[in-house]
Amino acid sequence: MTKKSILLLSGPNLNLLGERQPEIYGSNTLEDLVELATRTAQEAGLDLVHHQSNAEGELVDKIQEARGVHSAIIINPGAFTHYSWAIHDALAAFEGVIIELHLSNPNAREPWRHISVVAPVATGSIVGFGQDGYRIAVQAAASALSS
Ligand code: DQA
C-alpha cells in the first residue's frame with residue numbers, strides 16, 4: 001500500500017514567522033514548524049508536503065491539486081481564514097480530512113478574527129497552542145486517517 005500523505009498549507013504572512021509579532025506568534029520560523037510537523041508525520045508513518053503562499057488563488061490551486069493525491073490537508077490560512085469563500089469552496093470539494101490550524105487563538109483576539117469561513121468545512125480546528133499545534137494537528141490527522 002502506498003504511504004498516505006498530508007498537505008500542510010500556510011497562508012499569507014506566515015513566511016514572516018519568527019520576525020512577525022513574536023509576542024503573539026512565537027519566535028519559531030515557519031521552517032521550524034514545518035520540521036516539527038514533518039517529524040511528527042514520519043513518526044506516524046505519513047508523508048508531509050508543505051506549501052506557503054501569500055496569494056489566495058495559489059492556495060486554491062494547491063487545494064484542488066490535492067484531490068486524489070493527499071489524504072489530509074492541514075491549513076493555517078492566515079487572515080484568509082476570516083473572509084476567503086474561495087478557500088472555503090475549494091476545501092468543500094476535498095474529500096479527505098481537513099484540519100484548520102492557528103498558532104494564536106483567534107477567538108480571544110479582535111472581533112473580526114472570531115469568524116472563520118474555513119471552520120464549517122473542516123473536520124476540526126486546532127487553535128491557540130502555538131508551535132505545539134503543528135504536532136497536535138498532524139497527530140489528529142493521523143488519528144482521523146486510521147479510524
Ligand atoms: C493566524 C491567525 C489569523 O487571524 C492571522 O491573520 C494570521 C495567523 C494564526 O496562526 O494564529 O495570519 O492564522
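Which strands does helix H5 (residues 132–146) lie across, and at about what angle does the helix run to E4?

## Helix H5 across the sheet

In this predicted model, helix H5, formed by residues 132–146, lies across E1, E2, E3, E4 and E5. Strand E3 covers residues 72–76 and strand E4 covers 97–102. The helix runs at about 165 degrees to E4.

## Overall fold

The protein contains five helices and five strands. Along the sequence, these elements follow the pattern β-α-α-β-α-β-α-β-β-α. The radius of gyration is 14 Å, close to the 15 Å that the globule rule gives for 147 residues, so the protein is as compact as a globular protein of that length.

The C-alpha trace spans about 45 × 30 × 25 Å along the principal axes of the protein.

## The sheet

The sheet is open and is formed by five strands in the order E2-E1-E3-E4-E5, with parallel pairing. Its edge strands are E2 (47–52) and E5 (124–127), each of which pairs on one side only. On average, neighbouring strands of the sheet are turned by 20 degrees against each other, direction ignored.

Strand E1 comprises residues 5–10 and pairs with E2 over six bridges, in the parallel sense. Within this pairing, Leu7 stands opposite Val49 in E2.

## Helix H2 on the sheet

Helix H2, residues 30–43, also packs on the sheet. This helix touches E1 and E2, and its direction makes about 160 degrees with that of E2. Strand E2, an edge strand of the sheet, is thus named in the contacts of H2 and is also among the strands that H5 lies across.

## The largest pocket

What is the volume of the largest pocket, and which residues are the closest to its centre? The volume is about 180 Å³. The pocket is lined by 16 residues, of which Tyr25, Gly78, Ala79, Arg109 and Arg113 are the closest to its centre.

By residue class, the lining of the largest pocket divides into seven nonpolar, six polar and three charged residues.

Key
Residues are numbered from 1 along each chain as its sequence is written. This is a predicted model: local features need pLDDT of at least 70, side-chain atom pairs count only at pLDDT 80 or more; totals for chains, interfaces and linings use all residues. Side-chain values use heavy atoms; hydrogens and water are left out. Two strands pair if DSSP finds at least two bridges between them. Helices (H or I, at least four residues) and strands (E, at least two) are DSSP runs, numbered from the N terminus. Axes are lines fitted to C-alpha atoms, for helices over the stretch in contact, and angles run from 0 to 180 degrees between N-to-C directions. Contact means heavy atoms within 4.5 Å. On a 1 Å grid over the protein atoms alone, a cavity is a set of points where a 1.4 Å probe fits but cannot get out, and a pocket is an open set with protein on both sides within 12 Å along at least five of seven lines; lining residues have an atom within 4 Å of a point. Grid points are joined across faces, edges and corners, and a volume is the space filled by probe spheres set on the points. Ala, Val, Leu, Ile, Met, Phe, Trp, Tyr, Cys and Pro count as nonpolar, Asp, Glu, Lys and Arg as charged, and the others, Gly among them, as polar. The radius of gyration is taken over C-alpha atoms; the globule rule is 2.2 Å times the number of residues to the power 0.38.
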